[in-house]
Each structure stands twice: as structure tokens, then as C-alpha cells.
Amino acid sequence: MSSANNNWTEKLNDFRLKLNEHNDKLVRASQKMIIARSKFSKREVDLEFVKSAEAEYKLIKNEFKEIANNDIFLKNVKESKDKLKTVNKNSKEYWKVLEEYKLAVLIFKESKVAIKDRGHGGQLVQLSDIALKLDNIKFRYREGHPFAVNGVSVEIKHGDYVAIIGHNGSGKSTLSKIIIGVLQPTVGSIEVYGNKVTRNNINMIRKFLGIVFQNPDNQFIGSTVRDDIAFGLENRRIAPSKMPDIILDSAKKVRMEEFLDHEPLMLSGGQKQRVAIASALALSPNILIFDEATSMLDPKGKTEVKEIMVQLKNTREKTIFSITHDMDEILNADKVMVMNKGQLVKFGSPKEILSEKEFLRSIHLDIPFVAQIEEALQNEGIKISGSANLEELVKNICQK
Ligand SMILES: Nc1ncnc2c1ncn2[C@@H]1O[C@H](COP(=O)(O)OP(=O)(O)OP(=O)(O)O)[C@@H](O)[C@H]1O
Ligand SMILES: [Mg+2]
């Protein structure tokens, strides 16, 4: 696609997003007006209250009309048609200009559809295979303070499993909050599947993202596992008829389908985290972030959750970020981001990262258990390296 085409596709996308965002405002204002009217009928509020709700609705409705103006797309059609007339039909350029004209017509038609369904069809789409692109991200909590994240640039392909490691205070959590849109970067730009994150589209961008937190006890709302998974779906206004299938499906993915009627608080830590993962999965995010999701679990729970994470990785359907202090976990990753003092100091495969043991130690990071044993063996003259897990290590030792 030429940049000109990209440009119009982007413009259409922005147009949809604006419509969609404004429609949300319109829906809220109309709900407010309806509630005001009903309260008025019960004499709970006075007429002034109703009038002000109505005025607000009218204002937003007018704004919507202004936004729903697709003249630029029509103008583009006219201009490309005019251009086409000036080009010789036998020239090479003709086909290019013709394609541009056809695209202009298509984009114009799409813009009409977008207005009709108020941008609803216009969810953010995956414009690229790059799940996340950070460009020189800097963030500080207060003016004059040092940057907690200081110039991070990275590109992550869809389907990758990325471990983020770093000493305490290196900026991992700050970075994850920037990725999920809780914090806005002071400097730099973010793209999620080719969509540039802006203040306006952040709510739509969030639909690409799911997060599982550290503390399993802080993530429950429902009185049963089923209710808990349903809660997020209700928030997204998923049709109730579709919910049972989605709930069962996501529970199966974390092997918790037998527990749907159980009370979340009665579950083990590992089971709770699995339910938290199911709740995130139910919303089918493209990017899933685990913020130290295993750190508060007992060894059995840790293993359970890590297994689920690896299974998710193997489907290659999701892009996974795992912030972790568990150096053994990085062996499961495709890519490792090493943070130090707010900077991304290394980015590479686990093998590449682990080959620099001294460097890791210099920034106060341990090396995985398997790599520690390998190192001890190497010091004894037994050359073994690159084992991905304990089993592989044992196999490698036996082959010596
Ligand atoms: N709310 C805040 N207000 C001010 N400074 C903060 C805030 N949160 C974090 N910081 C500072 O920002 C820097 C990065 O912290 P961050 O929590 O991102 O690190 P981290 O790598 O997640 O650490 P940990 O491994 O301890 O979770 C630290 O210097 C920290 O003190
Ligand atoms: Mg943290």
C-alpha cells in the first residue's frame, strides 16, 4: 500500500473512532435525560434538573452532527476523479490513479456506513502485525523528578511472549501502566497493532488489552466463579445469550470449568489466578499482561499458573507480557526486556540475555536456577549451556 492509501485508511479509522467516542457521550447523555424525566415523574427532582439534562443532550447531539460530516471523503472522490481525467489511459500512471480513485470511492462509502452505525462498526482494527510499538517513551511522576521510564523504544510482534525483568524500581510497573493506558507518557508515542494511541482512542485501545495482577484476592467481584467471569462481559455489554459459551470456553482454557459454581474466595491462590486469567480471556484481548501474577502464590500455584501461561503462548493467539522477578520464568519467553533505572538496557532472546551473566549480576539480577547449575558445571569443566528447563538440563548431563 502506498503512503497515500494508508493515509486515507487512517483518516477513515480516525473518523470512526471519533464517531464512536461521541456516540458513547450521546448514549450517556440520553440515559441521564431519561433518568431525569423518570425522577421528575416521581417528584424526586425539579423541572430545572430535567431541562438541564435535556439541554446537555441537545448540545451533544448537535456536536455529533458536526462530527458526522464526511465531506473530506467526498472531496477526495471528486479530486481523484478529476485527476483520473487528466491522465492518459495508456500510461503506466493511469492504473495507479485508477486504484486511488477506486479506494477513494470505497472509503467514502465506508464513511457513510460509519455514520449510519455511529462508528459502531468502527472498532479499532489490527492495522499491523506489530502488537506494540513504543517510541522513546519517557515518564516521570512529578516535574523535576527523575524519569521513572527513560527513553524506551521497542517493537513486539503479535504472538510473542515477552518477559520484562529488572531490579526493584527499574520502571517495570510504570511501563506496564503506560502500556495499559493508566499513565500517559510525558514524551514519546505508542502504537497498538498500528493504531497510534491518543487521548481520544484510549478506551478503544484498552479493548486490545487484558491484565492479571499480582494479588489474587484483589481481583474478585462476583459471588461465584461464573459471576466473576460474567462481570467483565456485562461491562462490555456482551449479549447475555452469548455469555454462557464464552464463560465456559474461557474457564476451560484455564481448566476451571468444574469450579464455575464455586465461591472464588474458597479457592487456592493458583486457582484464583486462573479464574482471573479466565476473566481476562473472556474479553478476548489481543495482548495480555501479567504483572507479577505468580509472585504471591505457593510453589504449586506458581507452577499451575506458569503452565497456563505457556499453554497460552503456544496457541500464538495472544501477545503476552509477563513482568516477573522469577528468573526461571524468562526461559519460557521468546523475548526478554531488561529494565534498569528506567531504561531498556537489553532486549533479546532468553539465550542472548543469559549469556551475559556478569552484566545481569551488575544490575542486581540473578540468573535462573538451571543456568546457575550450568555455570557451576562449567566451572568444573563440564560444558553444558542453553538448557531451557530442568528436564533438558538433566538430559544434557546424562548425554555427557
Ligand atoms: N506513584 C509514584 N509516585 C512517585 N514515584 C513513583 C511512583 N511509583 C513509582 N515511582 C518511582 O518510579 C520508579 C520506577 O518504579 P516502578 O514501580 O515502575 O518500578 P518496578 O520496576 O516496577 O519495581 P518493583 O520491582 O519494585 O515492582 C521508582 O524510582 C519509584 O520509586
Ligand atoms: Mg513493580
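I began with the open sheet of six strands, whose order I noted as S6-S7-S8-S3-S9-S10 with mixed pairing; strands here are DSSP runs (E, at least two residues) and helices likewise (H or I, at least four), numbered from the N terminus, and two strands pair if DSSP finds at least two bridges between them. Strand S6 (209-212) and strand S10 (343-348) stand at the edges with a single partner strand each, so one side of each lacks a neighbour in the sheet. This is a predicted model, in which local features need pLDDT of at least 70 and side-chain atom pairs count only at pLDDT 80 or more, while totals for chains, interfaces and linings use all residues. Residues are numbered from 1 along each chain as its sequence is written, and chains are lettered from A and ligands numbered from 1 in the order in which they are written.

Next I looked up S3 (residues 161-166) and S9 (residues 335-340), which run parallel and are joined by five bridges; Ile165 stands opposite Val338 in S9.

I then turned to the helices. Helix H9 (residues 269-282) lies across S6 and S7 and runs at about 170° to S6, where angles run from 0 to 180 degrees between N-to-C directions and axes are lines fitted to C-alpha atoms, for helices over the stretch in contact.

The axes of helix H7 (residues 225-235) and H9 come within 8 Å and cross at roughly 35°. In H7, Val225, Asp228, Ile229, Gly232 and Leu233 meet Val275, Ala278, Ser279 and Ala282 in H9, contact being counted if the C-beta atoms, placed from the backbone, lie within 7 Å.

Conventions:
Contact = placed C-beta atoms within 7 Å.
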